[in-house]
Amino acid sequence: MNTKHSTGTLDTLVIGGGQSGLAIGHYLKEQQRKFLILDANPRTGDAWRLRWDSLRVFTPAKYDGLPGVPFPGDPLSFPTKDEVAGYLEGYAARLDLPVLNGVRVERLWREGDRFVAAADGQRWEARNVVVATGCSQAPKTPAFAAELDPAVVQLHSSDYLNPEQLQPGPVLVVGLGNSGAEIGIEVSLTHPTTVAGKPGGELPVRHGRTAARYVLPVVRFLGLHILTLNTPIGRKVAPTFKTHAAPLIRTKSKDLADAGVKLVPRVTGVRDGMPVLADGTRQEVSNVIWCTGFRDDFGWIDPAMLDGGALPPQQRGVAAGTPGLFFLGQEFMYAAASATLPGACRDARYLAGKIPAAG
């Protein structure tokens with residue numbers, strides 16, 4: 001079934017061609033639906049391909065495959081971002097999924113019992129829509145970033161590729177989540193480096209092959225089956241999980257200290273063009289890397305389908321107030337692992353069973 005250039009009303013339109021969009025595409029194809037996946041990136045896998053050069057995933061390859069196609073190679077290895085990107089691109093080709101690249105949806109609304117999506121003068125109609133744009137939509141930086149001295153090089157983690165982008169002189173990495181820790185230890189090899197922030201905990205064992213064999217299966221089980229919205233403990237941790245830095249997994253605070261990285265309190269503002277910490281200390285730096293996360297960006301969706309501009313009330317991705325509207329790949333959509341490769345696959349299988357077939 002080739003629907004890449006199909007006309008007429010689709011059964012399902014999937015917006016987002018990353019791991020979540022491809023995973024649900026697998027199940028929609030199994031159900032012989034007429035569907036289309038719209039991907040804003042020029043190439044499938046670019047959401048991974050365009051991240052920083054040394055990025056590796058935290059889950060071993062044995063857990064990184066999408067439905068029906070295991071991730072190739074050593075099952076206890078941790079794939080690079082380019083290996084993940086290549087796998088996703090190959091997955092879409094192997095399954096002949098109807099992916100249309102380079103299409104960034106500008107508007108989504110309802111007309112009667114149909115959804116309508118528009119992009120660059122094109123229009124698609126569908127009975128159902130799955131929003132699978134993920135949880136890394138818009139880089140988040142504090143408003144006071146604009147007050148930094150123009151001579152300071154500023155990069156968000158989404159724009160950082162390698163230390164060659166930085167000018168000589170001290171680097172301040174803002175945010176001590178996993179991105180901040182990994183980027184901080186990398187730039188410390190070439191620049192005096194300070195990391196501002198407090199970690200949200202740490203994996204209590206050394207990350208690597210031994211952990212992949214004995215510890216990470218337990219972490220995976222907890223993230224998929226225990227920390228869910230169906231359990232009291234999952235409902236308790238979900239709000240904090242969404243707003244605080246994830247526990248450090250591969251690079252720990254001790255690793256940063258051993259590498260000569262200075263750990264300081266969070267950044268609270270700017271004074272005389274330089275960052276100021278919570279303790280009032282002014283940091284003289286030449287570079288700032290904002291590892292401050294991402295925010296949702298649903299501005300392209302008709303506000304009537306949202307909840308004050310945010311994700312509407314939903315249950316495991318099924319929108320409560322708009323029949324036929326579904327969400328996939330969001331942080332803690334159902335479980336702590338929902339935004340990861342293993343979680344996206346599980347959530348996609350569930351959601352595909354909830355999308356109504358054409359009557």
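Figure 1. Helix α4 (residues 178-187) is largely enclosed by the rest of the structure, because eight of its 10 residues are buried (under 20% relative accessible area; exposed is over 50%, partly exposed in between; 1.4 Å probe, protein chains only). The buried residues are N178, G180, A181, E182, I183, G184, E186 and V187. Their cover includes the strands β9 (171-174), β10 (193-196) and β14 (287-290), along with helix α8 (253-258). Helices (H or I, at least four residues) and strands (E, at least two) are DSSP runs, numbered from the N terminus. This is a predicted model: local features need pLDDT of at least 70, side-chain atom pairs count only at pLDDT 80 or more, and totals for chains, interfaces and linings use all residues. Residues are numbered from 1 along each chain as its sequence is written, and side-chain values use heavy atoms, with hydrogens and water left out.

**Figure 2. Packing of helices α1 and α3.** Two packed helices are described by the angle between their axes and the distance between the axes. For α1 (residues 19-30) and α3 (residues 81-94), the angle is about 25° and the axes lie 11 Å apart. That makes α1 roughly parallel to α3 (angles under 35 degrees; over 145 is roughly antiparallel, 65 to 115 roughly perpendicular, the rest oblique). Axes are lines fitted to C-alpha atoms, for helices over the stretch in contact, with angles from 0 to 180 degrees between N-to-C directions. The crossing of α1 and α3 is left-handed (the near helix is turned anticlockwise from the far one by less than a right angle). On the α1 side, Q19, L22 and H26 meet L88, Y91 and A92 of α3. Contact means heavy atoms within 4.5 Å. By class, this contact has four nonpolar, two polar and no charged residues. Ala, Val, Leu, Ile, Met, Phe, Trp, Tyr, Cys and Pro count as nonpolar, Asp, Glu, Lys and Arg as charged, and the others, Gly among them, as polar.

**Figure 3. D272 in a strand-to-strand loop.** Most residues other than glycine have a negative phi. D272 is not a glycine, yet its phi is positive, about 55°. The residue sits in the loop between β12 (267-271) and β13 (274-277). D272 counts as exposed because its relative accessibility is 64%.

Figure 4. With 0% relative accessibility, F332 counts as buried.
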